[in-house]
Amino acid sequence: MRPSRLLDLGLWLAVCAPPVALAVDDGDARQVAAAAVAVPLFGAATAMSRRWPLAALAVPVAVSLALDVQMFGPLSWTWAALVVFGYLAGHRMATARPALWFFAAVAFAGLPLSAFVLRDLWGWPTQLITLLLAVVVPWLVGRWRRQHAELVRTGWLLADRLEREQRAVADRARLRERARIAGDMHDSLGHDLTLLAVRAGALELDPGLDSRQQTAVRELREAAAAATERLREIIGVLRADDDEDVAAPPREESVETLVERARDSGVPIVVEHPDDHPGEHPDDHPGDIEGLPPMTALAVRRVLQEALTNAAKHAPGATVRVRLASDDGVVTLRVVNDPAPAAAPPGVASGGSGLVGLAERVRLAGGVLRAGPAPGGGFEVAAELPVTGVRAAHEQVRTAAGPGTPETTATRELHLARRRVRRRLAQAVGIPAAVLAAIFTLLVPLHFVSSSFSVLDPATYEGLKVGEPRDDARSRLPAFTRDGPPDGTPAPPRGQDCVYYTMKTDPDRAYRLCFARDRLVSKAVVPTP
């Protein structure tokens, strides 16, 4: 047998124990009949409590009302079933609205039952208190337990999600680092190998070399070209998604160093300035990028490096003009190479991804890259980058986000789940307190109505005969009974159902009428003077 079935069996035995025990102990025929009806009904409620928990709760509520409208009399041994099925309904129901409508229907149905069936207005507050304590409070506890379980489940789900997100963030960071290193390798090592090949190509055309030396230089140039091709393949591997660790990024060089190294490799470079002073050589100051944001300075170096590399590859021997200027918060770099000479030394192969990666690097720095044929021939690479725009944008984002970490969807869901649990806990305490306050407030008008409409005329009292049917006596009695016996009244005889009516002449005393088997068996004035 499955564990759930065993649990249901134990539940059924637990809720059936009180009626069976009372029937065996008392031996009263009415108790035995009530237990014989309740046991199979409770079994049916247990069977459908998992699928229809509210319908299962309605079974003990109906049985309790059938035994006693007040749900509190000597035959109302259904409290155990009310508590158990109330808790299960709160724990197993996804929404609360159907249960609230059910509780309201039972509560409002108790007023006409008490007024017209029992003719006792005080039975309604008793029924409300019983419904509150035996049904609503366990239901609220079950709701709170459900919300707590959902919070725990949400916490585990969020923890799993956060772990996956952290792995994804680490993977993205690793991929970004690989891509950055690949770009740095392409820009730095590719630049060096290209200049090496350009030097070898120029040396290969030197007429002072014999055939053996020219062959060695050609082999050197071809080896440099092959190394460049292998570097491009390695860059492609670095940009793939693997699990290998990557090395630290290479050191950065200044603009002056890049220009001088390219000149030493045989690239003719002319540095232009926006406003050169008379007598000042235009090559004395290649440009200054100190004070720029790190991303902007790195982008300027990479643009210059890639433009010089492309010029050495595709137009070896052509003059390259470099212009670096800063104006109105924007730094502009322009690199233009003249058309390639007719008798240029052989170049090296191109990877084809330099300008694409360069454009992405400039875009991330907040700038724009333009590359294409120059108006007078040759090729032009120009970049415009903001000096402070990227930094200001980051400051605005940090200001808008506040000093703390931005709230993510996972943390927001966890906070909502916690608020729901706290709200359910407040309801589990506040709703019963509010209902009890409303019931006690209701007692004031009920006391007035009961005192006014429960007065028994002395002549009618004298006319009642012991032994007459209850229905005959009821037709002459007041509409309602008083709110319990006066102080000092002895307990009613065993097996008799006694009701009390107000005496008009003495409010501290009352008429007591006791019935058994639907007949009047005794009448008295209580307490006895």
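Colleague: Which residues have the most contacts inside the largest nonpolar core?

Modeller: The model is a predicted one. Its largest nonpolar core has 35 residues. Those with the most contacts inside this core are F42, L57, F85, F103 and W139.

Colleague: Which element gives the largest share of this core?

Modeller: The elements that give two or more residues to the core are α1, α2 (29-48), α3 (53-67), α4 (79-92), α5 (97-118) and α6 (123-204). The largest share is eight residues. That share comes from α6.

Colleague: With which residues is L57 in contact, leaving aside its neighbours within four places in sequence?

Modeller: L57 is among the core residues with the most contacts inside the core. Once the neighbours within four places in sequence are left aside, its contacts are L82, F85, G86, A89, F102, F103 and V135.

Colleague: Is L9 buried, partly exposed or exposed?

Modeller: L9 sits in helix α1, which covers residues 3-26. Together with L6 and L13, L9 makes a nonpolar surface patch of about 280 Å². Buried means under 20% relative accessible area and exposed means over 50%. The relative accessibility of L9 is 38%, so L9 counts as partly exposed.

Colleague: What share of the residues of the chain counts as buried?

Modeller: The accessible surface of the chain comes to about 28800 Å², and 61% of that belongs to carbon and sulfur atoms. The chain has 529 residues. The share of them that counts as buried is 39%.

Colleague: Among contacts between residues at least 6 apart in sequence, what share joins residues at least 24 apart?

Modeller: The secondary structure of the chain comes to 14 helices and nine strands. Of the contacts between residues at least 6 apart in sequence, those that join residues at least 24 apart make up 67%.

Colleague: Which strands stand at the edges of the open sheet of four strands?

Modeller: The order in this sheet is β6-β7-β8-β9, and the pairing is mixed. A strand with a single partner has one side left without a neighbour in the sheet, so it stands at an edge. The edge strands are β6 (455-456) and β9 (519-526).

Colleague: Which residue in β8 stands opposite C498?

Modeller: Strand β7 (residues 497-503) pairs with strand β8 (residues 510-516) over six bridges. The sense of this pairing is antiparallel. Opposite C498 stands C514.

Definitions and conventions:
Residues numbered from 1 in each chain as written. Predicted model: local features only at pLDDT ≥ 70, side-chain atom pairs only at ≥ 80, totals over all residues. Heavy atoms only, no water. Patch = residues over 30% accessible without salt bridge, like charges linked within 9 Å, V, L, I, M, F, W, Y side chains within 5 Å. Areas by Shrake-Rupley, 256 points an atom, 1.4 Å probe, with all protein chains shown as cover. Salt bridge = Lys/Arg side-chain N within 4 Å of Asp/Glu carboxyl O. Buried < 20%, exposed > 50% of the residue type's maximum accessible area, 1.4 Å probe, protein only. Contact = heavy atoms within 4.5 Å. Core = buried A, V, L, I, M, F, W, Y, C linked by side-chain atoms within 4.5 Å. Pairing = 2+ DSSP bridges.
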